[in-house]
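Morning, everyone. Please have a look at the structure first.

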Amino acid sequence: MTSKNLCFKLMKEDLKRRIWVFALTILGLTFTILVPTAIKCSEFAEEAGTWGVFTRKRMVANIVNLLGPNGMAVFILLAAGILWAVSGFHYLHNSKKVDFFHSIPVKRRTLFLSVYLNGILVPAVIYLVMQVISVALAVKVHVGINHINTIPIQYFVLNMVYYSMLYTTAVVAMMLTGNVVIALLGNMVFWAYGPAVTALVRGYYEWFHTYYETPESMAKFYRFIRYTSPFANYMYELQITGEDHLEFGALLGAALVTAALAVLAYSLYKLRPSEAAKKAMAFPKTEMPVKVLLVIPMALAFGMFFYAIRGRGFWLVFGTVLGVLLTHCMMEIIYNFDFRKLFGHRIHLGVCMAAAVLLSLAGYYDWYGYDSWLPDPSKVASASVVMGYHDDWVTYGRPQKEDTVLEDGTEGDSYYWSYQSPDDYIFQNMKLKDIYSVTEIAKKGVWADEARRKNQLPVTYNEWEWWVIRFQMNNGKVVYRNYSIPMDEESRELRDVIHDNTEYKQGVYPLLSQTASDTVAVNFQQYDNKQKARLDNEQTARLLNTYQREFLGLTMDSRRKELPLGTIQFMTREHLEAEEYNNNKRYYNLEDRCYYPVYPSFTGTLQLLEEAGITWVLLDESTVGSVEIAYHDAGEYMGSYYDEYGNYVYADYNSSWDSMPEMAVEEKTEAFLGKTVTYNEKEDLQVLAPALCFRDYYTMNNYYEIDIPEYIDVTAVLKEIEGEETERIDGYRDGSTTERGKSFYLDRNKIPGEMWGKYHLDYLQE
């Protein structure tokens, strides 16, 4: 009892000594909690009965936020934690004050507790009082206790638990140092070191060209950031804490960490020598480890920064060496408070420099063998591949309902489309057993990466594709690799084999796993003409099965030779219900999702569609009324091409022919440039109409081998819609528009070469 009374008396004396900190804390929390709440409550009371439902909800939310996730109050608590720690133990940094305090006939433990507990209990009482008064003000103006709920209590507990952890971290920094400025720097290191090193490691992974960041790896980095810094952990909890969500496990963990830090602080307090005052580090044995832990990451960061600017190995090494010198010298100056000690501990300097340079070069040259790794096919159970992102028209995900507040303030709900990452879907659903083809294409990526690192690419490749491969090993391990594949003849053959594999298609296209029992409607669309198929359940099932069979049989060779003539949608029950729900309430339109291409070779599908009353047109002289071609002036548009290094160059507008490579132009006919010509004669349409390619359908199959003149814009009017109003096309680079017709590409492959001159299509483009 005597010990408790003594501790209590010492706490009162300590508070008298630090009355200015007490006053600052009151002042800070008053102007961040109490005053803003009083102002908002006054506004609420004055405007009572004059607002709509939505305005009232907004005003209530503003008041509740001041009692809960109040960013201003959090900032004051962070500053108060540092201030209470520094003001309480700054006497340890003054030799005279240390001698005085330690000459008092009081146990070290009691002296430590009296100062340490004040730094937690006093701010907690002040914060609690502010919360209670603010809640009373809100209730008095009839905000409603049901709106306030337990939010003030939740955030009081959350903020004080994490305040205690951050405050104790600052106390540990005070114990480890002998100077207040160094203590503040040390506290910042405790807050930022873990996240900074984690970010550096993540950046270091950029050396590995085949590294692929998965959601799991990203989550791992975020966990490291969260759990290696008390500040980052606090910010994370503030972000996820809601009205009905308080992570008691996280709070318990933070409380346990705080207790462990308090024990550490007290242990350091007892071990701390009195002569440590006014020294940079209270414990000389900590100097070397702290220095190494700071110098090497800083050196790596310097090296990566210089490499990012210039992209050469020399600058990587230069930046790394510079980072070691600057950081090590600065640490020596801080440790010794003497510029003459700039190059003290040369052995430490040499070791840090060697380690940092080796780490930088190991990433630069891939001494780890990360990028050159290839699996043993016999040890791979299955593989998944994302090839080139060609089929980006595929819809992944499903409709989901969300709450909505309308303009009149009433609450409602609607469906939106919750998209799933294509990569995630493919990795979850594709199980390729043809490991040989996958590893062979991976070898091409490894070879290209090694050649690129050595600047020894022997051939200029005009076509590259990004592939992501997921290897599911027999032992359960999963390995991801991201490759840049040079698409030579061998690569294309391997791509064709993988693409034509049924397991590949089943992993890429969700429609192939859709069942007839879940399909409730079928729609067909060609251009702007959307039609609903008249089918019963049996006919729907037959059409779905037929389409799935023909789509599975679609080969890469077929895709190179034909474009879709329309698109088909097999609506699931969930999709249809969500669309009808939104249509009834005039909410977000979901009907344009999940369309798949219908190719001319899908004869079974087309026959069943015809039986269901669906019609479509083919592009020829009987369906096309006119073709309009706008020829761009040579000075306006030059096209795009590959340079002599294999780099794709997109030429600027408003440039001259003189700046264009010779291989890009054959002749400079000026007569038609800058003009728009309409072709509607039968003999012209017989040539041009079959060469038209609807832009949307081309983007659904960019494997199609097409030769597009890039200096023209093509618009065609179909006879079926000639009298109808159509969408406005803003496709001309000179800013002109047309209100009739549809935008097309023109495929020169489908026009006899001798006819190119007649239609001014005889420019060579590489």
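Let's start with the sheet. Five strands make an open sheet, and the order is S13-S10-S15-S16-S14. The pairing is antiparallel. Keep in mind that this is a predicted model.

Which strands sit at the edges? They are S13, residues 676-679, and S14, residues 692-694. Each of those pairs on one side only. From one strand to the next, the twist averages 35°.

Now zoom in on one pairing. S15 covers residues 712-718, and S16 covers residues 742-746. These two strands run antiparallel, and three bridges join them.

On to the helices. Two packed helices are described by the angle between their axes and the distance between the axes. Here the pair is H9, residues 180-204, and H10, residues 215-227. The packing angle is about 155°, and the axes lie 8 Å apart. Angles over 145 degrees count as roughly antiparallel, so that is the label for H9 and H10. The crossing of H9 past H10 is right-handed.

Which residues make the contact? From H9, we have Pro195, Thr198, Val201 and Arg202. From H10, we have Met218, Phe221, Tyr222, Phe224 and Ile225. By class, that contact has seven nonpolar residues, one polar and one charged.

That's the tour. Questions, please.

Key
Residues are numbered from 1 along each chain as its sequence is written. This is a predicted model: local features need pLDDT of at least 70, side-chain atom pairs count only at pLDDT 80 or more; totals for chains, interfaces and linings use all residues. Side-chain values use heavy atoms; hydrogens and water are left out. Axes are lines fitted to C-alpha atoms, for helices over the stretch in contact, and angles run from 0 to 180 degrees between N-to-C directions. Helices (H or I, at least four residues) and strands (E, at least two) are DSSP runs, numbered from the N terminus. Angles under 35 degrees count as roughly parallel, over 145 as roughly antiparallel, 65 to 115 as roughly perpendicular and the rest as oblique. A crossing is left-handed if the near helix is turned anticlockwise from the far one by less than a right angle, and right-handed if clockwise. Contact means heavy atoms within 4.5 Å. Ala, Val, Leu, Ile, Met, Phe, Trp, Tyr, Cys and Pro count as nonpolar, Asp, Glu, Lys and Arg as charged, and the others, Gly among them, as polar. Two strands pair if DSSP finds at least two bridges between them.
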